[in-house]
Structures are given as C-alpha cells and as structure tokens.
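This briefing covers aromatic packing and the nonpolar core of one protein model. Please keep the sequence and the structure in view while reading.

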Amino acid sequence: LNAGIATGFYTGNFRNGSDGQITAKYDFLIDWGDGSQLEHYDNRMANANNRLPVRHNYAKTGTYKVTLTGTCDNLFGYDGNVNAGAKQSAALVHSLWGVQVPKDSTSPLKYAYGSFFGCENLKFIGFGVFHNITECKEVPHLYDGAVLARIEPWMLYGGHKLESIAYTFENCQMFTIDPDVFKNCTNVTNA
C-alpha cells in the first residue's frame, strides 16, 4: 500500500486587509524525507485553477519530515469558498501533524491566509513559523479545525500589521491561549 501526500498551493490573488489583493510567490525545493530526489516548484507550474500541484507518493506508510527551502510566501489552504472545494487537499488535511522552522533559519512564510485550514491532525506549531509575516494583514481560518491544545505566544509573533484575526481559531480544540499571543498584534480591529 502506497501512502501519498498532495496539495495545491494557490497562485492567484488573495486578500491582504487594507492592501487589497496580492499574489504569493513560490520558488522552492521540497525534500520529502524519504531519500527521494529534491523536487522544484514555482509559480510557472500552476494549473488552470491557479494551483501549484504538489504531490508525492511514499513507498510505505510512516512519519516523514518534509522540508521546504526557498520562496514559499503562503501555504493558502482556504480561499473563502468551501463549497467549491477550496480546502487543502484531503491528503494534507489528514496527514500534517506539526510545523517547525530549523534552528538559525527564517520561515519563508510571509502570509498566513488559511494556511492550516481543516488540518484536523495538526497539533504542533513551532517557534519561528510566523516570525516573517511582517506584511501580513489578515489571517482568516489560519488554524480552523486544528487540534491544537494550546495557542503559544509565538503563533502570531510577526503579525505587527495584522488588522483581522477573524475565524483564525475557529473550530480549534484549544484549552489554553497564552496571554502574549496578541502582544505584537496592536493593529487588530476585527476578531
């Protein structure tokens, strides 16, 4: 039985608060953690639905550390149209357990528009994942549906320009929210 992972990074325009519409840039390598060759993806590889199709099959079921290196502005798992199937691919939704940034590295994520929407097994967001979202102004549905038990103080750390956190934690199963999670988000007017 082969185990696979698939998702579609959205390459079209999306909202960024008072900035209006912006477009994420992608030009990255993926190490799938199973010894296979690195794979390259960029905006030019998008399909007619403005999705950058990222797929990989594993020889056996297991736990793998997948590493993205390069430009990956947004994971974009949600575009506001759930009925049209805009959620992250089912493979990613069911398989993503945690996200971390290696020590002495900078996260490539510049925006966080619904990045982990529907990731029902997501339990861990490491320090540094959102330290680079300094131009991001809204994070709708960022953790919507995740099973995060605790919202850590670094989970919106770089969001100095955030204006809206509407639906960011919708359907989360959190028990604790650190009081410092919004410490750097002084421009938020919509929650």
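The points below go from the basis of the model to its core, its aromatic pairs and one tryptophan.

The model is predicted: local features need pLDDT of at least 70, side-chain atom pairs count only at pLDDT 80 or more, and totals for chains, interfaces and linings use all residues. Residues are numbered from 1 along each chain as its sequence is written, and side-chain values use heavy atoms, with hydrogens and water left out.

**Nonpolar core**

- The largest nonpolar core has 44 residues. Such a core is a set of buried Ala, Val, Leu, Ile, Met, Phe, Trp, Tyr and Cys residues joined through side-chain atoms within 4.5 Å; buried means under 20% relative accessible area, exposed over 50%, and partly exposed in between (1.4 Å probe, protein chains only).
- Two or more residues of this core come from each of β1 (3-10), β4 and β6 (51-58). Strands are DSSP runs of E of at least two residues, numbered from the N terminus.
- F28, F116, L122, I125, F130 and Y143 have the most contacts inside the core.
- Not counting residues up to four places away in sequence, F28 touches F9, E39, H40, Y41, L52, V54, L68, T69, G70, T71 and C72; contact means heavy atoms within 4.5 Å.
- In soluble globular proteins, nonpolar side chains tend to be buried together.

**Aromatic pairs**

- The whole structure contains 13 aromatic pairs. Rings of Phe, Tyr and Trp (its six-membered ring) pair if their centres lie within 6.5 Å; planes under 30 degrees apart count as stacked, over 60 as edge-to-face and the rest as tilted.
- F14 and Y111 pair edge-to-face, at 5.8 Å centre to centre and 75 degrees between the planes.
- F14 lies in strand β2 (residues 13-15) and Y111 in the loop between β8 (98-99) and β9 (124-125), so their pair ties together parts that are 97 residues apart in sequence.
- F14 is buried at 4% relative accessibility, and Y111 is buried at 13%.
- The ring centres of F169 and F182 are 6.3 Å apart with planes at 80 degrees, so this pair is edge-to-face.
- F169 is in the loop between β10 (150-151) and β11 (176-177), and F182 is in the segment after β11.
- F169 is buried at 14% relative accessibility, whereas F182 is partly exposed at 32%.
- One aromatic cluster is formed by F116, F130, Y143, F169 and F182.

**W32**

- W32 sits in the loop between β4 (26-31) and β5 (39-42) and is buried, at 2% relative accessibility.
- Leaving aside neighbours within four places in sequence, the contacts of W32 include I5, Y41, V54, H56, Y64 and V66.

Definitions and conventions: Helix = DSSP H or I, 4+ residues; strand = E, 2+ residues; numbered from the N terminus.
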